[in-house]
Amino acid sequence: MTDAVATRVAALPPLREAIAAAGFSAKKSLGQNFLLDINLTRRIARAAGPLDRGTTIEVGPGPGGLTRALLIEGATELVAIERDARAAAALAPLVEAAAGRLRLVEADALEVGIASLGEAPRRVVANLPYNVATRLLLGWLETPTAFESLTLMFQKEVADRLLAAPGDDAYGRLTVLVQWLCTARRVTELPPSAFTPPPKVWSAVVRLEPRPEPSHPADRRTLERITEAAFGQRRKMLRQSLKGLGGDALLAAAGIEPTVRPERLTIAEFCRLANALSDRETRR
């Protein structure tokens with residue numbers, strides 16, 4: 001990318017200098033761990049796909065490490081949502097260099113309806129605060145088709161849950177819902193030493209692409225009830241964990257063996273259970 005904005009952004013002082021000049025330090029209470037290596041942030045930006053159309057949304061830009069990379073890699077409409085008021089000073093030179101391509105929204109991302117923010121296609125690219133990452137993701141997946149993609153940094157443990165297969169220890173409620181609504185792939189993993197300050201865990205970037213339709217027909221709320229009951233007692237057979245929803249009768253209607261444990265079921269089988277429960281409740 002050789003346009004004037006990318007050139008100006010690349011010429012800004014190193015991020016560590018910008019942070020020091022702004023007196024900006026990471027706050028543990030906000031889950032802040034800054035990624036300062038421009039090579040790593042540009043890799044994440046490239047994984048988000050072409051950025052020169054629609055709107056790119058970043059959550060928790062902090063001092064702007066990933067923000068710089070997104071602009072260098074061609075983001076033409078970038079909205080950065082940050083609840084920490086201290087970030088404005090650190091980001092001010094970047095906002096100026098972006099010449100209208102970057103808009104800073106000072107707000108809590110949990111309270112911002114980003115599904116209608118900016119022009120489509122929308123993509124979210126973010127090093128998420130780990131203490132609210134899952135809540136943010138589940139909120140965005142209430143309207144998954146509002147987004148072209150979500151390229152997000154999680155704790156590696158959470159990323160493993162998003163990408164798990166039936167039979168994996170990490171396979172659970174989050175796996176079923178996310179893979180029912182999206183295709184998912186791992187972009188990269190990062191050690192604690194990649195961040196300032198270093199977290200206590202490894203991190204991973206996952207790219208999610210919402211499906212035009214869920215992978216199998218089912219009512220979302222009913223599917224959530226099924227997975228909550230099943231994985232609430234994940235070491236028990238389904239005949240026991242689903243006892244309150246119909247137990248053996250429900251499993252028979254869905255064609256599922258009652259002695260199976262939940263981590264062995266495919267997403268298609270969970271959807272069959274959800275549909276059987278919906279049918280059962282409709283007939284009442």
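In these legends, contact means heavy atoms within 4.5 Å, and the model shown is predicted.

**View 1. Seven strands come together in an open sheet.** Reading across, the order is β4-β3-β2-β5-β6-β9-β7, and the pairing is mixed. The strands β4 (102-106) and β7 (182-190) stand at the edges with a single partner strand each, so one side of each has no neighbour in the sheet. From one strand to the next, the twist averages 20°. Helix α3 (residues 38-47) packs on this sheet, where it touches β5, β6, β7 and β9. The direction of α3 makes about 170° with that of β7.

**View 2. Strands β2 and β3 pair in the parallel sense.** Four bridges join β2 (residues 55-59) to β3 (residues 78-82). Look for threonine 56, which stands opposite leucine 78 in β3.

**View 3. Helix α2 spans residues 15-22.** Leu15, Ala18 and Ile19 are buried here. Down the helix axis, the buried residues of α2 fall within an arc of 100°, so they line one face. Among the elements covering the buried residues are β1 (34-35) and α4 (65-72). After α2 comes glycine 23, with a positive phi near 60°.

**View 4. Glycine 167 sits in the loop between α7 and α8.** Glycine 167 is partly exposed, at 27% relative accessible area. Beyond its neighbours within four places in sequence, glycine 167 contacts Glu263 and Arg264.

Conventions
Residues are numbered from 1 along each chain as its sequence is written. This is a predicted model: local features need pLDDT of at least 70, side-chain atom pairs count only at pLDDT 80 or more; totals for chains, interfaces and linings use all residues. Side-chain values use heavy atoms; hydrogens and water are left out. Buried means under 20% relative accessible area, exposed over 50%, partly exposed in between (1.4 Å probe, protein chains only). Helices (H or I, at least four residues) and strands (E, at least two) are DSSP runs, numbered from the N terminus. The arc is that of the directions from the helix axis to the C-beta atoms. Two strands pair if DSSP finds at least two bridges between them. Axes are lines fitted to C-alpha atoms, for helices over the stretch in contact, and angles run from 0 to 180 degrees between N-to-C directions.
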